[in-house]
Amino acid sequence: MSILERLGLRRKTPVRLTATVTDPVLGDADHARALLRGEILNGGESFALRGADWDMKRASEAFRSHVHGFIWLRDLAAALPQDKGADFARPIVGGWLERYEEPDEMAWRADRAGARIALWSLYAPYVLGADAGIRKAALKHMLEAAAHIDRRFTSAPAGLPRLAAAAGFVVAALMVEGAERFLKKAEKRFTEAADEAVMPHGLPASRAPADLIAIMEWLHVVRSAYAARRRDWPEAQQAVDGRVRAGLRAARMGDGRFTALHGGNVASFARIEHVLSFPGLASRGAGAGAESGLQRLEAGRTVLLMDAGPPPAPAQNEAAHAGALSFEMSDEHERVVVNVGGGRGIRRGIDARVATAVRVTAAHSTLTLADTNQSLIAAGKPLGAGVDSVEVERDETDQGTLVTAVHDGYQRRFGLMHRRRLFLSPDGRDVRGEDRLMPGGKKRVKAGLEVALRFHLAPGTDITPTADMRGALLRLPSGALWQLKTDAGTVSVDESLWIGEEGRALRTRQIVIADETVPDGWRGRWSFKKMG
């Protein structure tokens, strides 16, 4: 008996999949064209299929997962019909099976094994095709991979990878003959992984709203497998779906795209609408709120979304941003105030030269003290010391909505706490803010520290500073006018960037209110008022 047999990984070869399942997720047309040229693309990285080095030693973990999880089969399906797609995929699948027949720490990691099971099930005509040898080997691998996930589930990192592992585990139990015995355990794993990736109010534990798309996609891949077997979708999974829908709606600006927090891309309107078109209902009471780390103020045509929570755990988002208390603002379908943003959650990625720069505090519409980040940032590493806690209060009256939030990111280094108050009038035409640096702790507060209050503006916004350097007139592309006024410092206009939904860095500008601290800290009030 082989070692694999003794470990329970070598079992009876499954003779078939138990049902036909359709992928609810769409492929990418541009990546499909690259695939036909022999190149897999994702997140700004590429993998040449000809003479492929499957170990991918220089690739990111995310790109390894894309390739070894066979997520790219979606792109292949977008490019070729089943018969031609099967001819294209057959040698690739056969070569992979030959290379990774035995369990491997990299290619067999639980999330990659789970994605592979799911995608091979969804695209069975492309993978199992007419070659009896590859079909037999692939089905055998799927059963062995399910058993491997059962034993090595926690080898998948927390968050989206662990959700992918659990999704594939459930799909295997439903679709692969011989794996039915795993179903109860797989369902439990999936619910646990989903609860870990999605906070109770429906926003992702990564604090990057763009991750909600991937979470919804995995949820509905699993739902499709239940539907294919004519089984009811478990209530626990439906509950997660309801929370995520509420989170999706809470995190959208007036243009229907996401607020750009913690590296999450704004994402395309079409992709967000597609996942919301999946069957299901949003949960009541979920969405933005005190515990979510996201505050939503909405009235008239105006939407404000404020980052009012501490950074996520490094295990959930290794590239979180130092942007506590930043906010974004839209006027109907037009963005006004933005953060620079990021590329998390999109297929094309962003330029590596700006990947660290977009994480700094100055890349967000918030206050920067002494040209210092709220939390320490190092390239390719999670946030370091800085913001530990954010306290939030919300007050809604007939006069409007007021949110007050305080973070401690500057307490250790400068002895100051940053408090921001954000107000929106009932008609949405009057936005007021107050930023204050307040003494906190035992460290003596220094006067003369540089204060920079930034408002990054959406591309296409025309800016006319006032003669007294205490304000500016903003004209949006539609012609709508907003007037900025402040009672502190001096107003200037500087260059900025905004990361669009395709991951491209677009040139734009920012308004900077510059001042200095006094012995008891600093205070500045400002407002945006709709004109006409």
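Phe455 counts as buried, at 0% relative accessibility, where buried means under 20% relative accessible area, exposed over 50% and partly exposed in between, computed with a 1.4 Å probe on protein chains only. The model is a predicted one, in which local features need pLDDT of at least 70, side-chain atom pairs count only at pLDDT 80 or more, and totals for chains, interfaces and linings use all residues. Residues are numbered from 1 along each chain as its sequence is written, and side-chain values use heavy atoms, with hydrogens and water left out.

Phe528 is likewise buried, with a relative accessibility of 0%. A pair of aromatic rings is described by the distance of the centres and the angle of the planes. Rings of Phe, Tyr and Trp (for Trp, the six-membered ring) pair if their centres lie within 6.5 Å; planes under 30 degrees apart count as stacked, over 60 as edge-to-face and the rest as tilted. By this rule the count is 14 aromatic pairs. In one of them, the rings of Phe70 and Trp72 have centres 5.1 Å apart and planes at 35°, so this pair is tilted. Phe70 is buried, at 0% relative accessible area, and Trp72 is buried at 1%. Phe455 and Phe528 form an edge-to-face pair, with 5.3 Å from centre to centre and 80° between the planes. Phe455 belongs to strand S12 (residues 450-457) and Phe528 to strand S18, so the pair ties together parts that are 73 residues apart in sequence. Phe70 and Trp72 also belong to one aromatic cluster with Trp96, Tyr100 and Trp120.

Strands are DSSP runs (E, at least two residues), numbered from the N terminus. Two strands pair if DSSP finds at least two bridges between them. An open sheet is formed by 8 strands in the order S8-S9-S10-S11-S18-S15-S14-S13, with antiparallel pairing. Strand S8 (390-397) and strand S13 (462-465) stand at the edges with a single partner strand each, so one side of each has no neighbour in the sheet. From one strand to the next, the twist averages 15°, with axes taken as lines fitted to C-alpha atoms and angles running from 0 to 180 degrees between N-to-C directions. Within this order, strand S11 (residues 430-439) and strand S18 (residues 522-531) pair in the antiparallel sense over 8 bridges. Ser527 in S18 is the bridge partner of Arg432.

The protein chain is divided into domain 1 (13-155) and domain 2 (294-531), with bounds that come from an automatic or database domain assignment. The C-alpha centres of the two domains lie 42 Å apart.

Note on methods. Helix = DSSP H or I, 4+ residues; strand = E, 2+ residues; numbered from the N terminus.
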